[in-house]
Amino acid sequence: MTTEDPHSPPTSRVVVYLHPDPDVGDAVAAALESGFFDVLPVSRPERARQLVEERAIDCLVTVFDLPSTDGLSFVRSLRSAGIVTPTVIHAVSGNESVAAAAIDTDVAGYVPVPETPVESVSALADTVDRAIEDSTSSTAALRRRWQTVESLHDVALQFETCATPEETYQFAVEALAQVLDVYTCVLYVAEDGSLVPKATVGSLPGGWQPYGLEEGVAGRTFQTGESSRSDHIQSHSGASPAEDVLQSGISVSVGDFGVMQAVSERPGAYTEHDRKLAELLAAHVSAAVSRIRSNRELRAERDRFAMLFENVPDAIAITYGPDRCVADVNPAFERAFGFERDELVDEPIDDYLLPDASDAIHVVEEVGTDEVLRDEITRQGTDERREYSFKGFAIEGEETFQEYGIYTDITAQKRRERELRQYKTLVEAVGDPMYVLDVDGRVEMVNEAMASVLGKPASTVVGSDPKTFMPAEHVDRGTELLVSLLTDPERQWDTFEMDVESADGGPFIAETKISPLLDDDGEFAGSVGVIRDITRRKERERQIRDLHEGTRDLMAAAGTQAVAEMATEVAADALDFPINGVYLYDESLAALVPVANSERAQELLGSPPVVEAGDGLMWDAFETGEPVSYQDVRADPEVMNPDTFVRSEAFVPLGEHGLLLFSSPNVDDFDDEALALAKILGSNIEAALDRAERETELAARTDELERQNERLDEFAGMVSHDLRNPLTLANGRLELARDRLHEASGPHTDDIEAHLSEIEWAVDRMETLIEDMLELARTGQPIDGTTAVDLPSVAAAAQRTVDADLAVTVDDSLGEVEASEQRVRAIFENSFRNAIDHVGPNVTVTVRRTPDGFAIDDDGPGIPPKHRDSVLETGYTTASDGTGFGLAIVADVAEAHGWELSVEESPDGGARIRVVTDSS
C-alpha cells in the first residue's frame, strides 16, 4: 500500500471493474484508463476475487446485478475472507435502499448509473480516486484518531471551567464540531414538554425549531436514552432532515435532560468510533451540568443556612470540643445575651452563660449525633437571667464534634403561664360566664359558670374551637371586633350580642364583652370574653320602644275618650300590665270616673265604681299627685275593698286630668323599674289629654269662627244687595239730572253742576267702600285648595287690571309658590293700588325675589317706621280718599296662606311689602 501524499496524482493505480457484460466492462474500463487508472475488466465475480487476492489491486468496482449473486453479497464475502480492498458499487439497477445497504456493508463508495455505465464514468472516477486516497491514508487516519481522543481529554478538562449549563451546552457543540466531520450540530434540552435547541454550530435555512419529546430521531433518543447513527438520513425511518444536502448523522442522549446531534453532507460520514466519541462527549456534558447544578444547589443551601443563621430570631451558638468553645454566634445571640461575637469566639461558652455550673448541657454526651436534645434552661446575659427553650444537636467534624445550640426566649411565655394561673383563679371567682382564647383562637380556659352554660366539664372545652359550641357567625363577629380593637389603640374592649342556648337554663340573650390580651412587647397573645345575660334588659328596651310607639298613637288619638282607651292598650301591650284602667276627674261629680279599662280588667272587675273624694288609696294618690305602689293592698288599712282579689296595685296621677291604675293578683308585682316605666306612660298620657283638650277647645273656636264667617258672608251679601240698589238708583238719577241740566240754561247752571259732581264723588266713594268690604270678607275666608302659582305671570296680570300704564318691573327669578292664584293676585293688585294712591301715577314698582319669599317695592317717600304696623290694620289710611282696606286685604291673604307679611323700606327709600313664604 502506497504512503505517498494522497492529494498528489498517482503514477499507476490498478482498478478491477466487474460487469457481467464484457462489452460494457471494456467500454467503462477504456473510459476510466483515460483518467490515470490501469483498469482490468472482468465479467465474473470469481475472476475479480482471484485478482484482488493475487495482485496489488488499489480498488474494486462492481455493479449490483451479478450472475447468481449481487454486488453487496459479493463484497460481504470478500470482507468475510479478510479482503479489505476498497470497493465501489456501480449500481446499474440500484436505488436509494441499495445505497444505504452498501454503506452498511463497508463499501467505500456508491455511484448510481443514470442510463448506461459509461455516462457515469466521471463520477465513478472521482469516487474511485477518493476510495484509494482513503485507503492509502489509513495510517494518518489512525494518527488522527489518537489525536481526537487526546483532544477529548483536553475537552473534559475544559468542561470543569464552565460556570453555567448554557456555557456548557455551547462548549459541547463547539467541541463536537472539532472532533467530528459536521455540517452542523445542535444540543437540545427538555423544557416545558419540548426539546428546545440551546446551543448550535452552523445553521439551517428555517432556523432551529423545538421538537416534541417523542418527535423524530431526537425524541426517540431522548425517550430511550440510546444513541443512533445514520449513514443515509434520507432513507432513515423517522428522520425528517431540514435540507436534502444532509446525508448522515449521529444522535446521542445527554443525561436525562437532553439530546446532542451532528449531521454531515456526506453519506456514511460517521463510524461507530465517531458515535462512541459523541457519547463520551455527551457524558462529559451531563457530568459538567450535574456538577454545576450540584454546586449551585450547594451554594444555595449554604447561602440559605447563612441567611437563616444571620436572620433567624432565635439565638444560635456553634461550639466545638469538649470545652464547648465558641466557633460562631449569630446576631440574635449577640442581642439576646449582650456579648459581642469577637469576645466569645474560641472561649468556653459556659464561662459566659451559666449561672450555675451544674446546668451545663453537653449534647454529644447526652444524646450523641443521632438525636436532638430539648430542654428548658436558665441562662445569664449581660443584664439579667432569662428562661429559654433549648434545642441542641451535634455533628461530627474532621477533628472533633460541633454542637449547634438554639436558644428560644420563653421568659415572657413562662411569665404568661404564671400570670395565667393567677388569672385562672380570678376567672373562677367571676360570677358571669368567662373564657380565654389563645393566639390561635382556641379555648385556653373557661370558668365553672361558662362550663355550666355549655353543659360540659371545663377540661373538655379547653383546647377546642369555639365554633364547636357557638354559632359560627358569633365567633366570626368576635374575631372582627378583635381585629378592630387591635388597630385602634384608643379602645381596649368592645361588646356584641348573641343568642345562647344554655344547657341548664334555656335560651337567653347575652352581651359578650371581649378584649385582646397583649404580651410584654404589645403583641397579640389571645383574648378574653365575659358573657352576661341581658334578656331582662332587652325586654325593657323592647318595652321602651313599644312605649315610644304607643306614645305616637296617644298623640294621634282624637278626644279624651280615645286617649284613655289607647292608654289602656299601651299599658297592656308595652308594659305588660294587662289589668289597668284610666279614671278622669269629673268636676260636676267631684269624683274620679272610670272612662276606659283594659280587656282583662273588664273581665275581672266588670264595671269599676266611681271613686269619690276620700275613698281609698286611689283618691289619696290623685290628691297628692305622686305615683305610688302597694305590694299588698290587703295589708293597707285605707284599702277600699279589703276582700279584693287584687294584691299589688300602682297609681300614677295624670295631673289634673285623673289617674292611671295598674293591678295584679300577685304580691310585690311592681318593682321600681316597672314603676319608672309607668311614670313615663303617665306623663305621656297627661300630655295627650292636654292636647286633646286643646284640640277640643280649638274645634269649638273653629266652629265659632265658621259661624262668624257665615254671618260675615250674610252681611257681605246684604251690603252687596241692599246698598248697591240705592247706589244704582242714585247713579241713574244723577245721570238724568245732568242731562236735564245740560238742556236748561241760566245763571245757576254752574252752581248746580258743582253740587252734582260732589254727589257723584260720594256715590263712587260708596261703591269703592262696598268693593273693598266684599274683598276683605273674601280674603278672610279659609283657602279651599292651592296650585303651583307662577308669580311673574300673576304680577303682570295684576298690573294690567290696576293700570296698564303703571311702571312695574318683575324679577323673572320669582319662581312659583303653592297658593290660591286668585288670592295671590289680590296681594299684587292691592299693593299696586296702594303705591298709586300714596305716591301717584308716576310711581315705579319693582317685584323682587328674596331668600325666603318675595317683596313689592316702590320708589315713593316710604312709610315711617312708627306707622308700618298700623297700615296693615283694617280702616287705617293716610290718604284723604283712602278706605284703609288695601294693605289689610294683603295681610289677610298672607295670613290665610300661613305666610308672614311686614312693611319695610325699599332699596330706593320707598315702601316695601315683604312676604315670607318659606319660614324654615
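**View 1. An open sheet of six strands in a predicted model.** This predicted model holds an open sheet whose six strands run in the order β26-β25-β24-β29-β28-β27, with antiparallel pairing. The edge strands, β26 (611-612) and β27 (628-630), each pair on one side only. Strands are DSSP runs (E, at least two residues) and helices are too (H or I, at least four residues), numbered from the N terminus. Two strands pair if DSSP finds at least two bridges between them. Strands of a sheet pair through backbone hydrogen bonds, either parallel or antiparallel.

**View 2. Strands β24 and β29.** Strand β24 (residues 579-586) and strand β29 (residues 658-664) run antiparallel, joined by six bridges. Which residue of β29 is the bridge partner of G581? That partner is L661.

**View 3. Helices on the sheet.** Helix α21 (residues 616-624) lies across β24, β25, β26, β27, β28 (648-653) and β29. Helix α21 runs at about 140° to β29. Axes are lines fitted to C-alpha atoms, for helices over the stretch in contact; angles run from 0 to 180 degrees between N-to-C directions. Contact means heavy atoms within 4.5 Å.

**View 4. A nonpolar surface patch.** L604, L605 and F645 form this patch, with about 210 Å² of accessible area together. Such areas come from the Shrake-Rupley method with a 1.4 Å probe; for residues, only the protein chains shown count as cover. Patch residues have over 30% relative accessible area and no salt bridge, and nonpolar side chains (Val, Leu, Ile, Met, Phe, Trp, Tyr) are joined within 5 Å. A salt bridge puts a side-chain nitrogen of Lys or Arg within 4 Å of a carboxyl oxygen of Asp or Glu. F645 sits in the loop between β27 and β28.

**View 5. Helix α8 and its surroundings.** Four residues of helix α8 (residues 216-224) are buried: V217, A218, G219 and T221. Buried means under 20% relative accessible area, exposed over 50%, and partly exposed in between (1.4 Å probe, protein chains only). These buried residues pack against β8 (184-191), β9 (194-201), β10 (211-212), β11 (228-230), β12 (248-254) and β13 (258-264). G225 follows α8 and has a positive phi, near 75°.

**View 6. The whole chain.** The protein chain has 26 helices and 36 strands. Of its 920 residues, 40% count as buried. Its accessible surface comes to about 49,200 Å², with 48% belonging to carbon and sulfur atoms.

**Notes.** Residues are numbered from 1 along each chain as its sequence is written, and side-chain values use heavy atoms, leaving out hydrogens and water. In this predicted model, local features need pLDDT of at least 70 and side-chain atom pairs count only at pLDDT 80 or more, while totals for chains, interfaces and linings use all residues.

Terms used
Patch = residues over 30% accessible without salt bridge, like charges linked within 9 Å, V, L, I, M, F, W, Y side chains within 5 Å.
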